[in-house]
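Reader: I am new to protein models. Could you take me through this one?

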Amino acid sequence: MTADLHRLVYYSRNHVEGTDATLDREIGDILAKSQHNNRRDGITGALLFNAGCFAQVLEGPLGAVEAAFERIQQDERHGDVSLLALERIEARSFPNWAMGFVGASQHDAGRFDAIGSASGFDPARLDGEAIHSLLRDLAVEEEGIRH
Ligand SMILES: Cc1cc2nc3c(=O)[nH]c(=O)nc-3n(C[C@H](O)[C@H](O)[C@H](O)COP(=O)(O)O)c2cc1C
């Protein structure tokens, strides 16, 4: 069952315009749809939104992850979707999250900015492993708060 477990990491730019309320609503829609589909498809992961950008980790069976990424790339709520990593993994980093949302706090924003500036804000130079580690750390912190 875990034989073809893969992790995909990408980065994209937000295209949703309007007030904070509009953005909150769109992100709420994205998360609700993602959690519904991902539960069905055996995908787990985390989504970070910050400073006009999304970064997302998807993990699950290769075919399911690829199909989700195809749909995600066609979504007009974001653009410049840059694939940063696609690799086989032994175990999930987000086993409890059909799609968790991280990065909303000021503190988290600073950590994401650090990754952005290390790359010169060039998506092609963003580091998939660094983004995966950041999202995993944020997820652990969030779960710590909730328990
Ligand atoms: C930033 C972002 C992240 C998304 N993440 C997921 C996801 O993890 N899983 C998913 O199924 N759809 C995700 N979507 C939504 C897809 O783009 C698409 O709208 C959805 O999969 C269509 O599902 P449907 O065919 O069931 O309506 C995401 C969209 C955006 C903009």
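Reader: What is the mean pLDDT of the chain?

Author: This is a predicted model, and pLDDT is the predictor's confidence in each residue. Of the chain's residues, 89% reach 70 or more. The mean pLDDT of the chain is 88.

Reader: Where does the ligand sit?

Author: Look at the pockets of the protein. The ligand takes up the space of one of them, the largest pocket.

Reader: How many residues of the shell are charged?

Author: Sort the shell residues by type. Seven are nonpolar and five are polar. The charged ones number four.

Reader: Which residues come nearest to the ligand?

Author: There are 16 residues around the ligand. Five of them come nearest: Lys33, Ser34, Asn38, Arg71 and Asp75.

Reader: What is the distance from the side chain of Arg71 to an oxygen atom of the ligand?

Author: Take the polar atoms in turn. A polar side-chain atom of Asn38 lies 2.9 Å from a ligand nitrogen. For Asn37, a side-chain N or O atom is 3.0 Å from a ligand oxygen. For Arg71, the distance from a side-chain N or O atom to a ligand oxygen is 2.7 Å.

Reader: How much of the area that the ligand exposes alone does the protein bury?

Author: Start with the ligand taken alone. Its exposed area is then 620 Å². Of that, the protein buries 82%.

Terms used: Residues are numbered from 1 along each chain as its sequence is written. This is a predicted model: local features need pLDDT of at least 70, side-chain atom pairs count only at pLDDT 80 or more; totals for chains, interfaces and linings use all residues. Side-chain values use heavy atoms; hydrogens and water are left out. A residue is near a molecule or strand if one of its heavy atoms lies within 4 Å of it. A polar contact is a pair of N or O atoms within 3.5 Å; within protein, one must be able to donate a hydrogen and the other to accept it, and residues adjacent in sequence count only if both atoms are side-chain atoms. Accessible areas come from the Shrake-Rupley method with a 1.4 Å probe; for residues, only the protein chains shown count as cover. On a 1 Å grid over the protein atoms alone, a cavity is a set of points where a 1.4 Å probe fits but cannot get out, and a pocket is an open set with protein on both sides within 12 Å along at least five of seven lines; lining residues have an atom within 4 Å of a point. A molecule sits in a cavity or pocket if more than half of its atoms lie within 2 Å of its grid points. Ala, Val, Leu, Ile, Met, Phe, Trp, Tyr, Cys and Pro count as nonpolar, Asp, Glu, Lys and Arg as charged, and the others, Gly among them, as polar. pLDDT is the predictor's confidence in each residue, from 0 to 100.
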